[in-house]
There are 4 protein chains.
Amino acid sequence: MKYGITETVKTINSKIKINDIIYNIVEKKANAIKYFLEGEEFNQAIVFGAYLCGNFVADALTKDCDEVILVDVHPHLKEIIINEKIKFMDSSKFNLSLRNGELNPDLVVDLTGIGGLSPEIISKLNPSVLIVENPKGTFDKDINNIDNSVDRLNKGVKRGLLNTFRTSKVSKTSGSMTLVIDTVMDSCNDLKELDGVLYALPNLKYYEGILFHEKDIRKFIDEVNTPAITVSCLDEDLENEINNILLKNIDRIYSYVEKIK
Amino acid sequence: MKYGITETVKTINSKIKINDIIYNIVEKKANAIKYFLEGEEFNQAIVFGAYLCGNFVADALTKDCDEVILVDVHPHLKEIIINEKIKFMDSSKFNLSLRNGELNPDLVVDLTGIGGLSPEIISKLNPSVLIVENPKGTFDKDINNIDNSVDRLNKGVKRGLLNTFRTSKVSKTSGSMTLVIDTVMDSCNDLKELDGVLYALPNLKYYEGILFHEKDIRKFIDEVNTPAITVSCLDEDLENEINNILLKNIDRIYSYVEKIK
Amino acid sequence: MKYGITETVKTINSKIKINDIIYNIVEKKANAIKYFLEGEEFNQAIVFGAYLCGNFVADALTKDCDEVILVDVHPHLKEIIINEKIKFMDSSKFNLSLRNGELNPDLVVDLTGIGGLSPEIISKLNPSVLIVENPKGTFDKDINNIDNSVDRLNKGVKRGLLNTFRTSKVSKTSGSMTLVIDTVMDSCNDLKELDGVLYALPNLKYYEGILFHEKDIRKFIDEVNTPAITVSCLDEDLENEINNILLKNIDRIYSYVEKIK
Amino acid sequence: MKYGITETVKTINSKIKINDIIYNIVEKKANAIKYFLEGEEFNQAIVFGAYLCGNFVADALTKDCDEVILVDVHPHLKEIIINEKIKFMDSSKFNLSLRNGELNPDLVVDLTGIGGLSPEIISKLNPSVLIVENPKGTFDKDINNIDNSVDRLNKGVKRGLLNTFRTSKVSKTSGSMTLVIDTVMDSCNDLKELDGVLYALPNLKYYEGILFHEKDIRKFIDEVNTPAITVSCLDEDLENEINNILLKNIDRIYSYVEKIK
Ligand SMILES: Nc1ncnc2c1ncn2[C@@H]1O[C@H](CSCC[C@H](N)C(=O)O)[C@@H](O)[C@H]1O
Ligand SMILES: Nc1ncnc2c1ncn2[C@@H]1O[C@H](CSCC[C@H](N)C(=O)O)[C@@H](O)[C@H]1O
Ligand SMILES: Nc1ncnc2c1ncn2[C@@H]1O[C@H](CSCC[C@H](N)C(=O)O)[C@@H](O)[C@H]1O
Ligand SMILES: Nc1ncnc2c1ncn2[C@@H]1O[C@H](CSCC[C@H](N)C(=O)O)[C@@H](O)[C@H]1O
């Protein structure tokens, strides 16, 4: 708690940081995938899409896979990797390896979403287990039209669609960042209704610009390490309430892999 | 327009900046005051509270007042002043002048809001025209209890309460910054509903921390000079729609001085 | 609880009825008035506007007033009266009594709201204590322009404006019926977010048509004696949750008399 | 337009009736099915679930099918049928016919939703084209768990899932009545924001009680023949705006059959 402009008004930062919300979401996605895999072990897993959850999903897979390859079109995302056991490939490295016949995955996880991986690539890899992330959230005609995630589910003995939704709330995609933004925004709207709250401010930035235009991984990591919400209020004891409202909104996020025949 | 992570997704910044919204609001407040004053001229006007609208209100008053004094408890706000005709006083300078009998305002405008000026000070100044800003927005029990703006309207042949509201929308105070935040947030909520919009991100910061804790006026001015909203979407032609939605929400803000007997 | 179309789906009516919400609101208004009157006793109280709270306010005043007159332009509203001590007058009866000098109220309560009583009538009655209901809720330009409640506060040693708001929520007027509708609607919106709720249905009717166009008081009383909300859901144990959400929204309603100088 | 309580306030009923919204939705569903069928012709079509869209879907199918059978567990729904070419069967009649080998549909449309038809029945019928309605709307954990629509898609050369959503809005199911309720509620919320609107009232009833508990088809048909919304407002020229807001919300409803492999 700090004083605001005058001592009558207090400023409280949420204990929960943007980072905490990101972790919660990517963990839910990783857990959904692990649950779908039922403890099965794999020789070679390829995860497509390093940002934002791919990195964590790859990490979670290292326990059950001899080799985990993380592929991304953006070479600079190599730096985001947290686990040394993960082998990063940018697109040219991946294409080379593919042509050289070095890739023979029994598990493929495609997290590239809208405008991402082509169905043909997945088809060539021909894994026995295939998981594709459904980028769609609440129905949107245009997003629905452009999405081809089900077309990418074209191989495998076991095929699953990774769905992530916010229960009873609108999020237009299942993208981890979309879910963070909407969770923070809806929490602010809830907080604004509390007695004595002057305003609730989302500490959000266009993080994707930092990561994909500025290509500054360090800055990205710094920037998400910030309280999710700043509340201006009369009551200095609001800290728990702020966290509870954030938690209630975080709990709305569900991730599960839907089995597809 | 920029591409997002892949070329399928676009990133569009609103043309309207945080700054533009601030100007719109403080101009509405200044105009409401001018309208109430009906072209009357004054010898000495004292405006209390430099941030955020005080500075502009003082500027607007310079045309009709021989002397305009802007008073604030925070001495560093002197730097925010845009018009050389305005005389800045911090609290100690103000108290000294008051004791020395140098202050004899015929117009007092109190914009200090919650936890601001005491009714006694206004009473001592005894202006013939007195305007006090009502800090209250949509009803809130605690803010209602702490507000004493009507008690400050204790002198003057002509007395007015400066009200600023967002029509049919919830804003807990009339504070210019509260109105900026709520306008941007509600615009993001509206934008999220458009076909093909993945997310709408408010480029808001805790500006009051920059101004009152860091005391860095330059940084504040830099930081509000930023597009109000960043939209991630499929359709690259959304720029006008984004501005229109922001304008529609800005147009919800009304400011007027209510005559009090 | 009843089964819905199939046994999988349940239908639950809220225990709280439209009637209960009406009582809660009119009681809050009556209490606000009593609190403002501080136990003072009166010889003759005139309450203007029988519908919807006027009837109850008049009833509450019978304890402290030798005579309570309830005036309404609609003669058929006489039937709504619950307390025999209240003397009903329609407009022609009122005007006659006024001309005959039979009216000399020391307390006047004007609950007629938008388009109601003229300031001149109140001025003629010249009570020592005057309370006028502020019909305004969340700011609305047009309603703000048409409202003249403050102009009606033109007499009296003690003058008060009866305000009723829903904290942090939008209601465009303080009308008891408006508050009922908005409370039920917002509760439905909240209920829709619960897990397993298919839909939440507001059991609202255009009651004012029954009362003012059909002029059928009996039917009105019957129609408001209905569960406020019907919920279609999977979980048969939702009854308490439904009531709690309604109560939480009812608790948002605050009524108080603001002293006006 | 009628006057409200006083002449200052007007009451406007929407031209659009509950009925019109129902027709719009069931037509969208019927069109989605027709589009999926691509003009193919069938010998025997069985539609399960007469209420609320089944009746209209069956009607639409009569053009391309030699025989259309509409099956419902509720025998009294026979009366709802609008087209004499449709053959109604209640459950006992259906089971008898099934046992007698009289049923050999090449098209089956299952609109029974949550708690409806069992996958086994569909499996027995073994149609070459099978469409099952997905009852799910915006994600809800409990509804998601109970829904088995994909399990019912267990036969057929061509299989489709009938989806109906409200773009960017929350509806917990795709049920025609759920969509009507949410469309009316959201329109009321939008209307409440217009200048000069006191309140917007949804003319909704628990129609399913009339149809399934009272079993009164006539009354149901009468009751949905009512203006969807009643608006209390200052401005008598609001009729078009009311309709436009309703239309905008109706236009959010999309229905399409998703091809399932
Ligand atoms: N064809 C491709 N091959 C590999 N990576 C790709 C790709 N197309 C896009 N990507 C990568 O996939 C990611 C898309 S963003 C994915 C977000 C993720 N689904 C989440 O919810 O967190 C980016 O890192 C992008 O660089
Ligand atoms: N007693 C006092 N005397 C002078 N200035 C004061 C004061 N108490 C607070 N202030 C100043 O008043 C301002 C309060 S914030 C005011 C916000 C303004 N009403 C708006 O809507 O833009 C701050 O600048 C604060 O430093
Ligand atoms: N000039 C007048 N004199 C007496 N009653 C009047 C009037 N104008 C309107 N009325 C009555 O005042 C009521 C207006 S509706 C008032 C609603 C009330 N404020 C509430 O919140 O419950 C109606 O009963 C109407 O018939
Ligand atoms: N096993 C079954 N066989 C036939 N009809 C059934 C059934 N179970 C439920 N029904 C019927 O299916 C309907 C379910 S309600 C269906 C609503 C529809 N999907 C819409 O959106 O309009 C009811 O008419 C119910 O009586």
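Two strands pair if DSSP finds at least two bridges between them, and both helices (H or I, at least four residues) and strands (E, at least two) are DSSP runs numbered from the N terminus. The views below show a predicted model, in which local features need pLDDT of at least 70, side-chain atom pairs count only at pLDDT 80 or more, and totals for chains, interfaces and linings use all residues. Residues are numbered from 1 along each chain as its sequence is written, chains are lettered from A and ligands numbered from 1 in the order in which they are written, and side-chain values use heavy atoms, with hydrogens and water left out.

**View 1. A hairpin of chain C joins β1(C) to β2(C) through six residues.** These two strands run antiparallel and are joined by two bridges, and K2(C) has T11(C) in β2(C) as its bridge partner. β2(C) also pairs with β10 (residues 229-233) of chain C, in the antiparallel sense and over four bridges; here the bridge partner of I12(C) is V231(C).

**View 2. Seven strands of chain B form an open sheet with mixed pairing, in the order β5-β4-β3-β6-β7-β8-β11.** Because β5 (86-90) and β11 (253-260) of chain B stand at the edges with a single partner strand each, one side of each is left without a neighbour in the sheet. Within the sheet, β6 (residues 107-110) and β7 (residues 129-133) of chain B pair in the parallel sense over four bridges, and D110(B) has V132(B) in β7(B) as its bridge partner.

**View 3. Helix α1 (residues 18-37) of chain B packs on the sheet, touching β3, β6, β7, β8 and β11 of chain B.** Contact here means heavy atoms within 4.5 Å, while axes are lines fitted to C-alpha atoms, for helices over the stretch in contact, and angles run from 0 to 180 degrees between N-to-C directions. The direction of α1(B) makes about 30 degrees with that of β11(B), whereas helix α2 (residues 54-61) of chain B, which lies across β3, β4, β5 and β6 of chain B, runs at about 170 degrees to β4(B).

**View 4. Chain C and chain D meet in a contact that takes 47 residues from chain C and 48 residues from chain D.** The area buried between them (the accessible area, with a 1.4 Å probe, that two parts lose on being put together, summed over both) is about 4100 Å², of which carbon and sulfur atoms give 61%. Four salt bridges, each a side-chain nitrogen of Lys or Arg within 4 Å of a carboxyl oxygen of Asp or Glu, are found across this interface. One of them links K192(C) with D182(D), whose closest N and O atoms are 3.6 Å apart.
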